[in-house]
Amino acid sequence: MTKFIDLTLSGISDGAIYAAVALALVLIWRATRIVNFAQGAMLMITTFIAYAVIGAGASYVVGFLAALLSGLALGAVTERVLIRRVEHAPPLNAVIVTLGLYTVLVAVAGMIWGNTPKSFPAAFSLRGYTVGGTTLLFTPNDTFIVLVVIAVALGLAAMFRFTSLGLQMRAAAFAPEVARLLGVRVGRMFTVGWALAAVAGAIAGVLVAPSVFLGPNSFDPILIGGFVAAVLGGLDSPPGAVIGGLLLGLALSYVSGYEGSALVPLAALAILVLVLMIRPSGLFSAAQERRV
Amino acid sequence: MESRELPGAAHRLSVEDVTVSFGGIRALDRVSVEVSTGEVLGVIGPNGAGKTTLFNVICGFVAPDAGTLSWRGKTLHRIRPHRLSSLGIARTLQGVGLFGRMTVLENVMVGAQHFRRAGIASAMVALPRSDKDERDLRDRALATLAELDCAGIADRLPGTLPFAVQKRVALARALVAEPELLLLDEPAGGLGADELTELRGVIERIGREIAVMVVEHHMDLVMSVCDRVVVLDFGRVIAAGDPAAIKSDPRVLEAYLGREAEGPEALTAAEAGNAGRP
């Protein structure tokens with residue numbers, strides 16, 4: 001029973017990370033109908049920036065903020081400089097561009113910071129809570145992770161739902177030409193979408209870095225998890241991304257605990273294939289609207 | 001209607017000698033039209049005559065190969081669609097073009113964006129000014145919906161409403177921007193008789209205060225609400241004048257029927273067939 005509780009709790013913590021990455025992917029998909037394969041590399045870069053800032057003597061909070069700001073800038077610049085050129089091109093062009101960006105960012109990080117994984121500080125203690133004599137696998141830092149991701153998800157939801165910026169972003173994503181006609185600066189909304197996505201990714205990077213260590217390729221599995229979570233949630237729905245992330249986190253945690261951690265990547269892909277076969281529009285997507 | 005008081009001066013849109021070619025096809029061939037405040041201009045013509053292309057030129061979706069546009073005394077060089085609402089120009093689309101996953105109120109609020117004062121940065125951090133903007137937009141949207149008898153459906157999703165009501169919402173979304181020129185692309189498409197009467201009233205009311213251009217197949221509506229009518233055929237203006245003159249113009253009848261017409265009834269009959277189309 002303790003094992004089950006442990007696996008559930010660590011599944012929630014992992015799931016929160018997948019949820020944050022999935023949110024980043026969903027934001028970009030909604031805005032520009034592009035799957036951003038560079039997301040993992042982008043959040044790796046912003047985490048390295050946090051690492052550098054903290055290494056220079058700044059506090060964890062300042063490092064966290066540096067990651068957020070550099071994410072904001074990196075996302076906006078990527079959309080403005082690279083993606084804008086392929087937005088009207090066939091989808092494959094954008095895929096190639098994001099894969100290319102991934103390669104470049106990984107190489108650049110390797111050149112600057114080397115390929116040896118580095119340890120990254122955690123915000124809070126990594127010693128599990130002790131309940132009635134048993135130490136749980138859930139740590140104060142996990143609590144922090146879950147709370148931050150919940151805050152990000154709620155913040156994004158509130159922005160989309162209650163602000164005029166969110167309104168314009170939804171309008172731009174749903175029907176760009178119509179939105180433009182109504183005075184929405186569609187291009188700017190796309191830039192904001194990418195910037196916000198990169199911020200969500202940056203948050204995920206800083207949160208997960210203490211447990212995966214920091215290296216140019218250390219976030220690749222996280223990106224795969226985020227991608228599966230996003231597809232589970234329907235790619236189009238931020239709440240779906242969060243639920244998808246949590247479900248995936250739990251499922252992978254049980255697989256890892258009961259069957260062995262070697263099966264985790266396989267299980268992730270099996271879930272992806274199953275979802276795509278049984279319900280390609282995702283578990284939580286509303287009635288499918290196709291772009292004409 | 002208090003919210004859309006006359007801005008004082010009368011305004012005029014002039015389209016002069018506009019030519020648009022798609023490949024080898026002349027969609028518009030030296031087309032000139034004008035419409036001023038307080039006037040409803042009808043644009044009619046057989047399918048493919050260039051009516052929607054004309055609207056697209058005015059909205060900046062299509063750049064003309066030649067010709068000029070001027071509005072409020074200024075030449076419009078390169079029109080960028082997102083600037084339209086701040087230029088005081090609004091357009092409705094064929095069909096409805098509402099955002100399906102947004103409520104009626106949210107749809108209309110998008111149309112009022114140019115009243116927003118706060119920038120993106122302050123909107124992101126929800127500064128007080130942005131907050132006030134938000135309430136202001138909501139109030140404007142609700143007021144416009146109320147004018148069109150749609151106040152009760154503000155929280156519904158467009159897909160759950162009858163087509164005619166969706167069209168009214170689309171009209172509200174255009175009107176909420178308080179335009180001085182309104183372009184209506186087939187506003188009567190898919191409407192029943194009662195709804196047409198209502199629409200006629202709305203257009204007449206708006207047409208007294210601002211400039212309105214209507215592309216429409218429904219001839220009865222065009223003839224009753226328009227002060228002037230321009231007839232396009234194969235991208236050319238083949239006739240222009242008041243509705244009565246247009247009705248009996250032999251060139252117009254020929255364009256619609258492809259032969260010498262027998263009388264004004266013939267045009268109405270031809271259009272009756274056309275109007276059923278959405």
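**Exercise 1. Locate the kink in helix 8 of chain A, then describe the helix.**

Step 1. Helix 8 of chain A kinks by about 30° at A:Val206, shortly before the proline A:Pro210. The bend is the angle between axes fitted to the seven residues ending at a residue and the seven starting there. Helices are DSSP runs (H or I, at least four residues; strands are E, at least two), numbered from the N terminus.

The model is predicted: local features need pLDDT of at least 70, side-chain atom pairs count only at pLDDT 80 or more, and totals for chains, interfaces and linings use all residues. Residues are numbered from 1 along each chain as its sequence is written, chains are lettered from A and ligands numbered from 1 in the order written, and side-chain values use heavy atoms, without hydrogens and water.

Step 2. Check the span. Helix 8 of chain A has 27 residues and reaches 37 Å from first to last C-alpha, close to the 39 Å expected at 1.5 Å a residue (1.5 Å times one less than the number of residues).

Step 3. Check burial. Of the 27 residues of helix 8 of chain A, 24 are buried, so the helix is largely enclosed by the rest of the structure. Buried means under 20% relative accessible area, exposed over 50%, partly exposed in between (1.4 Å probe, protein chains only).

Step 4. Look past the end. A:Phe213 follows helix 8 of chain A with a positive phi, near 65°.

**Exercise 2. Trace the pairing of strand 4 of chain B.**

Step 1. Strand 4 (residues 66-71) runs antiparallel to strand 1 (residues 12-22) of chain B, with five bridges. Pairing requires at least two DSSP bridges. B:Glu16 stands opposite B:Thr68.

Step 2. Three bridges pair strand 4 of chain B with strand 5 (residues 74-76), also antiparallel. B:Ser70 partners B:Thr75.
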